[in-house]
Amino acid sequence: WQAGIPCAALVALGCILFSPKKMEPQKPEDTPRVYSRFWYSLGLFLPFVDLQADKVWKPKADQTFLRNYMRVHIMLGWILFPLVLAALTGLIK
């Protein structure tokens with residue numbers, strides 16, 4: 001279970017960084033949809049689960065750091081989440 005702590009910390013960091021003021025809908029017709037920073041961060045982080053929040057929202061064009069962090073957030077999910085699964089199933093100790 002301790003392997004999940006860095007994952008939870010990264011999702012929490014994403015909740016802090018992906019604030020509603022820094023996000024915009026990807027398409028104009030998605031404007032009335034409600035934005036949730038938790039579901040967006042979790043959706044980016046989980047590699048095999050499609051929560052579709054990342055398909056509706058994106059960081060604004062002027063948020064260069066956030067756009068780059070979004071890519072790092074995704075890559076860390078692809079690295080850490082399988083390691084957590086392997087640790088939980090006993091494949092690694």
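This is a predicted model: local features need pLDDT of at least 70, side-chain atom pairs count only at pLDDT 80 or more; totals for chains, interfaces and linings use all residues.
## Overall fold

The protein chain contains four helices and two strands, and these elements follow one another along the sequence in the pattern α-β-α-α-β-α. Taken along the principal axes, the C-alpha atoms fill a box of roughly 45 × 25 × 15 Å.

Of the 93 residues in the protein chain, 33% count as buried. Among the contacts with a separation of 6 or more, 68% are made by residues 24 or more positions apart.

## Packing of helix H1 against helix H4

Two packed helices are described by the angle between their axes and the distance between the axes. For helix H1 (residues 4-17) and helix H4 (residues 64-89), the axes come within 10 Å and cross at roughly 160 degrees. Because angles over 145 degrees count as roughly antiparallel, H1 is roughly antiparallel to H4. The crossing in which H1 passes H4 is left-handed.

On the H1 side, the contact is made by Gly4, Cys7, Leu10, Val11, Leu13, Gly14 and Leu17, while H4 contributes Phe65, Leu66, Tyr69, His73, Leu76, Leu80, Phe81 and Val84. Sorted by class, the residues of this contact between H1 and H4 comprise twelve nonpolar and three polar ones, with no charged residues.

## Packing of helix H1 against helix H2

The axes of H1 and H2 come within 8 Å and cross at roughly 130 degrees, an arrangement that makes H1 oblique to H2. Here H1 passes H2 in a right-handed crossing. The residues that meet are Cys7, Leu10, Val11, Gly14, Cys15 and Ile16 in H1 and Arg37, Phe38, Ser41, Leu42 and Phe45 in H2; by class, eight residues of this contact are nonpolar, two are polar and one is charged.

Within H2, the buried residues are Tyr40, Ser41, Leu42, Gly43, Leu44 and Phe45. These buried residues of H2 pack against H1, strand E1 (23-25), H3, strand E2 (57-59) and H4.

## Aromatic pairs

A pair of aromatic rings is described by the distance of the centres and the angle of the planes. A search of the whole structure finds seven aromatic pairs. One of them joins Phe38 and Trp39 in an edge-to-face arrangement, with 4.9 Å from centre to centre and 70 degrees between the planes. Phe38 has a relative accessible area of 38% and is therefore partly exposed, and Trp39 also counts as partly exposed, at 46% relative accessibility.

The rings of Phe48 and Trp78 likewise form an edge-to-face pair, since their centres lie 5.2 Å apart and their planes stand at 75 degrees. This pair links distant parts of the chain, as Phe48 belongs to the loop between helix H2 (37-45) and helix H3 (53-56), whereas Trp78 is in helix H4, 30 residues apart. Phe48 counts as exposed at 57% relative accessibility, while Trp78, with a relative accessible area of 46%, is partly exposed. Elsewhere, ring pairs link Phe18, Tyr35, Tyr40, Trp57, Phe65 and Tyr69 into a cluster.

## His73 in helix H4

His73 is found in helix H4 and counts as buried, because its relative accessibility is 1% and the cut-off for burial is under 20%. Leaving aside neighbours within four places in sequence, His73 is in contact with Leu10, Val11, Gly14, Phe18, Ser41, Leu44 and Phe45. Among these partners, Leu10, Val11 and Gly14 belong to the H1 side of the contact with H4, and Ser41, Leu44 and Phe45 are listed with the buried residues of H2.

## Asp54 in helix H3

Asp54 lies in helix H3 and is partly exposed, with a relative accessible area of 22%. Not counting residues up to four places away in sequence, Asp54 touches Gln26, Tyr40 and Leu44. Of these, Tyr40 and Leu44 are buried residues of H2. Asp54 and Met70 are separated by 16 residues in sequence, and their C-alpha atoms are 10.0 Å apart in space.

Methods
Residues are numbered from 1 along each chain as its sequence is written. Side-chain values use heavy atoms; hydrogens and water are left out. Axes are lines fitted to C-alpha atoms, for helices over the stretch in contact, and angles run from 0 to 180 degrees between N-to-C directions. Angles under 35 degrees count as roughly parallel, over 145 as roughly antiparallel, 65 to 115 as roughly perpendicular and the rest as oblique. A crossing is left-handed if the near helix is turned anticlockwise from the far one by less than a right angle, and right-handed if clockwise. Contact means heavy atoms within 4.5 Å. Ala, Val, Leu, Ile, Met, Phe, Trp, Tyr, Cys and Pro count as nonpolar, Asp, Glu, Lys and Arg as charged, and the others, Gly among them, as polar. Rings of Phe, Tyr and Trp (its six-membered ring) pair if their centres lie within 6.5 Å; planes under 30 degrees apart count as stacked, over 60 as edge-to-face and the rest as tilted. Buried means under 20% relative accessible area, exposed over 50%, partly exposed in between (1.4 Å probe, protein chains only).
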